[in-house]
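Please keep the sequence and the model side by side as you read.

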Amino acid sequence: MIVSGWYDGHSTYGLRILEADISLYFRPEWETVSVYLPDQKEPVVIPLTTSFWEGSPELRSPRIKSFFVQYDLEQWEKKQPPKFELVPLGEGVFRLEWITPPRGQSTLPL
């Protein structure tokens, strides 16, 4: 599924999921999901909050913010956030993959 970067305008970053993809790839019984970020060995464990299910479908985490900062992705033009593929691996585990390399990082894997 294609996801995009998300920023609340203050200090929280995350990944926005299309509402149509929520029922396809997420289960209400899951309290958390695990996401493997590019170039990181340990997954980010992210709680699925009530707001995730009620109109704010973002996976939010300080580690996602650190990932955006590491690859200079924390600022983008209005309505043009970075896009990624979030690959389901099963049972609430996902892998985030690059769709296109970030600016100035042409050596990163796609």
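Tyr-71 and Trp-98 are both buried, where buried means under 20% relative accessible area, exposed over 50% and partly exposed in between, with a 1.4 Å probe and protein chains only. This is a predicted model, in which local features need pLDDT of at least 70 and side-chain atom pairs count only at pLDDT 80 or more, while totals for chains, interfaces and linings use all residues. Residues are numbered from 1 along each chain as its sequence is written, and side-chain values use heavy atoms, leaving out hydrogens and water.

A search of the whole structure turns up 15 aromatic pairs. Rings of Phe, Tyr and Trp (its six-membered ring) pair if their centres lie within 6.5 Å; planes under 30 degrees apart count as stacked, over 60 as edge-to-face and the rest as tilted. Two of these pairs are set out here.

| Pair | Centre distance | Plane angle | Class |
|---|---|---|---|
| Phe-52 and Trp-53 | 5.1 Å | 85 degrees | edge-to-face |
| Tyr-71 and Trp-98 | 5.2 Å | 80 degrees | edge-to-face |

The pair of Tyr-71, in the loop between α3 and β6, and Trp-98, in strand β7, links distant parts of the chain, 27 residues apart. Helices (H or I, at least four residues) and strands (E, at least two) are DSSP runs, numbered from the N terminus. Phe-52 is buried at 1% relative accessible area, whereas Trp-53 is partly exposed at 32%. Ring pairs also join Tyr-71 and Trp-98 into a cluster with Tyr-7, Tyr-13, Phe-67, Phe-68, Trp-76 and Phe-84.

Which residues of α3 are buried? They are Ile-64, Phe-67 and Phe-68. Seen down the axis of α3, they fall within an arc of 100 degrees (taken from the directions from the helix axis to the C-beta atoms), so they line one face of the helix. They pack against β1 (2-7), β2, β4, β5 (58-60), β6 and β7; contact means heavy atoms within 4.5 Å. Just after α3, Asp-72 takes a positive phi of about 55 degrees.

Beyond residues up to four places away in sequence, Leu-86 touches several others, including Met-1, Ile-17 and Phe-94.
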